[in-house]
Amino acid sequence: MKSPDKHRKIILAATKVFAKKGFFNARISDIAKEAKVADGTIYLYFANKLDILLSVFAQETEKLIEEVNTLLNAEADVQKKLIIFISHHLQAMRKNRPLAEVIHIELRQTSKLIREYRTNTFSEYLDLIAAIIREGQEKGVFRAEIDVQLAKLALFGALDETSRLWLANGTDLDHAASQLAALFQHAFSVQPSHP
């Protein structure tokens, strides 16, 4: 019988192994060793290495969605919601460096992975950004002419690159969060008319 605890243990082990060795260099046996299970046990839970990586993304992204939704639902100010999303994403990456390595490095490695992943949980995560922008437009706070789909990709692209730079050279994520929030608030906001 499959154990949810063992499944989670394999996911956590895979996150560490993918972060350390990279998706292409990691072996199922490396993941099994890190998880302290037999190699064959991995195949009771996952079809192959790509299935494990997609599961890492899906489960961790689901957790991010749940956490961000809780924070967003407690806030009425749409400008603050934008700050919350940006700050939470970068804080989550700082708290879980192996996850950041996997999301922001391994996500770039294979077009097949990106195609499969973006149609699932990742799209749901990006749609949280879109919902904030749409709410701002409905409330007259954000400019109506902004293309929501393009804007959500631009914002996530900035977060993605910021996280990658942090992984590479230790960029100050608190400073980055405040700068990105100010930049996107300015870009999205209805500008007051000058006499």
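A nonpolar core is a set of buried Ala, Val, Leu, Ile, Met, Phe, Trp, Tyr and Cys residues joined through side-chain atoms within 4.5 Å; buried means under 20% relative accessible area with a 1.4 Å probe, protein chains only. The model is predicted, so local features need pLDDT of at least 70 and side-chain atom pairs 80 or more, while totals for chains, interfaces and linings use all residues. Residues are numbered from 1 along each chain as its sequence is written, and side-chain values use heavy atoms, without hydrogens and water.

Select Phe18, Ile31, Ile42, Ile52 and Ile86: these have the most contacts inside the largest nonpolar core, which has 63 residues. Helix H4 (residues 49-73) gives the most to this core, 10 residues. Helices are DSSP runs of H or I, at least four residues, numbered from the N terminus.

Next, pick Ile52. Beyond its neighbours within four places in sequence, Ile52 is in contact (heavy atoms within 4.5 Å) with Ile11, Ala14, Phe18, Ile28, Ile31, Ile42 and Phe46.

Move to helix H1, residues 4-21. Its buried residues include His7, Ile11, Ala14 and Phe18. Among the elements covering the buried residues of H1 are helix H2 (28-35), helix H3 (39-45), H4 and helix H6 (97-104). After H1 comes Gly22, with a positive phi near 85°.

Finally, show H1 with H2. Their axes, lines fitted to C-alpha atoms over the stretch in contact, with angles from 0 to 180 degrees between N-to-C directions, come within 8 Å and cross at roughly 125°. Residues of H1 including Lys9, Ala13 and Lys21 meet Asp30, Ile31, Glu34 and Ala35 in H2.

Methods: Buried < 20%, exposed > 50% of the residue type's maximum accessible area, 1.4 Å probe, protein only. Helix = DSSP H or I, 4+ residues; strand = E, 2+ residues; numbered from the N terminus. Expected span 1.5 Å × (residues − 1).
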